[in-house]
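Thanks, everyone. Please have the sequence and the model open while I talk.

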Amino acid sequence: MKQKLLLFLSLLFSNYQLNAQNKTQTYAWDNEKYPRERLIDMDRMIVDVSFNPQEGIVFGQVSHYFKPLRERIDSVFFDAPGITIKSVFVNGNPTDFKTNNEGVSIYPTKPLVWDTYDSIRIVYQAQPKKGIYFIGWNDKNNISRKQIWTQGQGVDNRYWIPMWDDVNDKMLTETVVRIDKKYNVLSNGTKVREFLNKDGTKTWHYRMNRPHAGYLIMLGIGEYKIKETKSKSGVPIRLYYYPDQEDRVDYTYKHTVDIMNFFEEEIGVPFPWESYSQIPVQDFMYGAMENTTATLFGDFFCADKRSYRDRNYVGVDAHEMAHQWFGDMVTARCEPHHWLQESFATHYNMMAEGVIFGTDHFDWARRNAQNSALEADSKDLYPVASSKAGSARYYPKGAIVLNMLKYVVGTKTFNRAIKYYLLKHAYKNVDSNDLLVAFEEATGYSLGWFWEEWLYKAGEPEYKVNFFNAVNNAKQAEHHFIVEQTQDINDYTGLFKMPVVFEIYYTDGTKQSKTIWIENTIHDVVIPNSDNKIVDYVLFDPNAEIAKKIYFHKSNEMLLSQATKARNMIDRYDAWVQLRAADISLKRNALIESFNKEKHYSIRTEILNQLLYDSSLESKKIVKSVFYCDDTDLKKGLIQSMAIIPIEFKPDYEKLLQDSSYDIIALSLEKLCTQFADHASEYLEKTKGIIGVRNRNVELKWLEMNLSLKGNQQMFNTLVAYTSNSYEFQTRIAAMNVLKKFNYFDVNLMDNCFDAIFNPNTRLSGPAGDILRYYRAQFNFRDLINNKIAELRNNPYQDEIINKHFK
């Protein structure tokens with residue numbers, strides 16, 4: 001019996017040890033977890049191209065210089081989908097090759113081996129639909145700008161250059177371009193030379209002196225002028241602009257030099273390239289692209305003094321510049337680590353905007369980022385470090401994760417580790433663990449838990465907080481915060497461990513602050529109140545440093561104190577949000593006092609919305625003052641909140657038709673014409689001839705309101721013309737949508753919409769397809785559109801696009 005008992009205890013202990021040893025962690029599987037396998041190590045690539053822009057053809061040759069990574073290589077593959085390969089030379093000798101839908105396989109006459117330096121030269125021709133874009137060359141009206149520009153990210157440079165097109169190899173690059181002499185050419189690196197050719201073309205030659213990834217190779221070609229300046233450290237900065245938009249240069253690039261100066265100081269690493277240029281282009285499908293030394297951005301960001309109020313380039317300018325360190329200098333080895341690029345760029349662009357526009361602006365950006373993260377995680381549970389993370393996690397969530405990391409370790413420690421990380425991995429590939437190791441090596445911090453919670457796992461903490469006062473057994477007064485983590489615990493989201501600040505503010509003006517690591521399901525945080533002070537208000541995680549959901553009920557009295565006295569704007573804002581349901585008589589005076597004290601539009605808009613329909617004279621004065629203030633965002637908030645224009649504010653509203661903001665003019669014109677139709681002709685006369693900047697927003701709204709009254713065929717013709725490829729994509733979409741409101745359709749509109757669905761810019765092709773499907777659903781237009789579909793089915797590319805839009 002004794003032996004059986006010992007055996008049982010032994011088995012029980014062994015089973016306990018086995019279970020302890022077999023503790024597991026679960027992660028979402030990622031098909032792109034590992035980098036692409038490669039046979040050669042690229043050293044240098046020289047691209048030499050010319051064009052037939054009207055046909056969208058690239059004539060080129062590319063020379064690759066590399067070292068074999070395998071003992072013996074019988075074939076080398078380069079990405080080149082759809083490219084016609086004319087000839088291939090290995091180490092100067094012609095050789096065999098085969099092409100398929102993905103690229104070209106090259107067969108050297110003798111195997112390539114270790115410890116050699118080899119070259120492959122490819123002569124080719126391409127008519128790509130991706131990677132390189134020919135803008136305006138087929139505009140029959142000759143209105144559009146004529147440009148050629150490229151967009152390599154993610155893996156689209158392969159469509160116009162036979163190359164190793166992946167992030168996990170870096171190389172020195174040179175670009176040689178021949179184009180009509182009237183056009184300016186920008187590419188990566190330093191311009192080596194520029195000279196005229198006998199045929200009226202000009203040759204441009206650029207060269208990089210540091211290696212970078214292939215997706216960052218760029219071309220920007222068009223008619224431009226250049227403003228030259230320098231950073232404080234002497235980095236040459238070249239700012240490209242359209243010759244007819246000289247009035248937009250200073251406002252478009254208003255803070256470019258300031259941003260570079262700030263980044264060099266904040267990051268602690270000098271700008272990592274020989275120079276920096278920026279160039280606007282028409283019909284760009286994103287906001288901008290951080291090509292090495294040469295950012296390319298959508299010309300919809302170009303702003304003069306007036307349009308700067310509605311939309312500026314500052315945040316995007318900072319974001320792309322930050323990429324020159326994070327993404328270009330150090331590049332993610334494969335897609336799950338893409339956050340190392342976008343999250344850092346977003347974090348630093350938020351910081352730069354905070355320096356330029358103030359702390360409240362930075363904190364509001366953090367709040368918006370947190371909201372985006374929470375929304376993304378309500379849909380699925382992918383982590384930040386995942387190829388499936390999506391934009392909301394790569395950009396805003398990753399940015400606030402970095403801000404939380406800074407909150408945990410401190411700003412100086414964070415900056416020291418980041419500098420170490422950049423210098424250690426300069427001009428190399430990195431992954432998420434490299435950053436973790438950099439923090440350990442530079443600062444001694446062991447932050448694996450943070451990586452697990454915020455990068456490798458999904459979700460955010462959800463805290464339920466309860467505050468009360470009590471007397472302990474020793475009859476001493478004390479405060480209690482009961483904190484529960486209530487998020488769903490599953491394979492992908494666990495309990496979170498974070499240092500949380502608890503603050504108690506007393507009616508005598510003093511406060512207590514305590515930082516506690518919250519990591520369990522429930523915590524009872526006890527703070528002594530030895531002097532029996534009266535609590536005014538309390539804060540859990542002041543300034544909302546932690547991304548989270550929180551449920552914390554407070555009395556209206558406590559919230560009013562927080563709304564009017566808290567140090568941070570976000571804490572004051574949150575209190576006002578929680579007071580939305582409170583009776584206006586309780587909060588009116590505090591709202592008015594706060595509105596006059598606050599500076600940022602976000603909290604002022606929240607206060608305004610709570611005063612908007614209050615009948616008191618004091619509240620009406622506040623509302624009236626907004627019509628005449630200089631805060632464009634606050635005025636937009638008023639217009640959007642005021643569903644019906646009270647008759648007493650009609651004269652004030654009418655003043656907005658002469659506002660300095662184009663957006664406000666367009667919004668006001670629509671509301672006034674809709675609600676006071678008998679005065680619409682007067683409003684239209686006041687706004688006649690105002691175009692606006694982005695997408696001709698005021699002019700198109702003017703046409704729409706005119707057509708709502710009476711209008712004429714000429715106005716419809718004008719709108720149809722704006723849907724053509726003579727105009728940039730935002731104007732085209734806006735004009736299509738106005739015509740849709742009136743169910744107007746003709747052959748020219750149909751042709752323009754079909755032209756648009758073949759445009760590679762999905763921000764144009766997608767809406768254009770929606771418009772065509774809307775009309776095709778109507779009997780009167782169905783045959784006309786179906787006949788056009790049949791006419792256009794004449795090649796595989798067009799068939800693919802048509803099948804995508806018309807199933």
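Where does Arg696 lie? Arg696 sits in the loop between α19, residues 680-687, and α20, residues 697-709. Keep in mind that this is a predicted model. Arg696 has a phi near 50°. That is a positive value in a residue other than glycine.

A second residue belongs in this part of the talk. Asn543 has a phi near 70°, also a positive value in a residue other than glycine. Look for Asn543 in the loop between β31, residues 535-540, and β32, residues 549-552. Is Asn543 buried or exposed? Asn543 has a relative accessibility of 9%, so it counts as buried. The cut-off for buried is under 20%.

Next, a peptide bond. Gln153 and Gly154 are joined by a cis peptide bond, with omega about -5°. Gly154 is in the loop between β12 and β13, where β13 covers 170-180.

Staying with β12, look at Thr150. Strand β12 runs over residues 147-150, and Thr150 is in it. Thr150 counts as buried because its relative accessibility is 0%. A polar atom of the Thr150 side chain lies 2.9 Å from the backbone nitrogen of Leu219. What else does Thr150 touch, leaving out residues up to four places away in sequence? The contacts are Gly131, Ile132, Asn157, Trp160, Ile217, Met218, Leu219 and Leu296.

Now His255. Find His255 in the loop between α2, residues 249-252, and α3, residues 256-267. With 15% relative accessibility, His255 counts as buried. His255 touches Tyr308, Val314 and Ile356, again not counting residues up to four places away in sequence. Glu353 is 98 residues from His255 along the chain, and their C-alpha atoms are separated by 9.6 Å.

On to helix pairs. Two packed helices are described by the angle between their axes and the distance between the axes.

Start with α11, residues 556-565, and α13, residues 584-597. Their axes are 10 Å apart, at an angle of about 10°. That makes α11 roughly parallel to α13. From α11, the contact uses Asn556, Leu560, Ala563 and Thr564; from α13, it uses Leu586, Lys587, Ala590 and Ser594.

Then α12, residues 569-578, and α14, residues 601-611. At what angle do these axes cross? Roughly 20°, and the axes come within 10 Å. Angles under 35 degrees count as roughly parallel, so α12 is roughly parallel to α14. The crossing of α12 past α14 is left-handed. On the α12 side, the residues are Met569, Arg572, Tyr573, Trp576 and Val577. They meet Ser602, Ile603, Glu606, Ile607 and Gln610 in α14.

Val623, Val626 and Phe627 come from α15, and they meet Leu634, Lys635 and Leu638 of α16.

Take α21, residues 713-722. Which residues of α21 are buried? They are Met715, Phe716, Leu719, Val720 and Tyr722. Viewed down the axis, these buried residues of α21 fall within an arc of 160°, so they line one face of the helix. They pack against α20, α22 at 729-741, and α23. At the start of α21, a side-chain oxygen of Asn712 reaches to within 3.0 Å of the backbone nitrogen of Gln714.

Last, α26, residues 796-805. The buried residues of α26 are Gln798, Ile801, Ile802 and His805. Why do they count as being on the same side of α26? Because they cover an arc of only 95° around the axis. What do they pack against? The partners are α23 at 747-757, α24 at 762-776 and α25 at 779-792. Pro796, Glu800 and Lys804 are exposed, on the face of α26 turned away from its buried side. At the start of α26, a side-chain oxygen of Asn795 comes to within 3.0 Å of the backbone nitrogen of Tyr797.

That is my tour. I'm happy to take questions.

Methods
Residues are numbered from 1 along each chain as its sequence is written. This is a predicted model: local features need pLDDT of at least 70, side-chain atom pairs count only at pLDDT 80 or more; totals for chains, interfaces and linings use all residues. Side-chain values use heavy atoms; hydrogens and water are left out. Buried means under 20% relative accessible area, exposed over 50%, partly exposed in between (1.4 Å probe, protein chains only). Helices (H or I, at least four residues) and strands (E, at least two) are DSSP runs, numbered from the N terminus. The arc is that of the directions from the helix axis to the C-beta atoms. Contact means heavy atoms within 4.5 Å. A polar contact is a pair of N or O atoms within 3.5 Å; within protein, one must be able to donate a hydrogen and the other to accept it, and residues adjacent in sequence count only if both atoms are side-chain atoms. Axes are lines fitted to C-alpha atoms, for helices over the stretch in contact, and angles run from 0 to 180 degrees between N-to-C directions. Angles under 35 degrees count as roughly parallel, over 145 as roughly antiparallel, 65 to 115 as roughly perpendicular and the rest as oblique. A crossing is left-handed if the near helix is turned anticlockwise from the far one by less than a right angle, and right-handed if clockwise.
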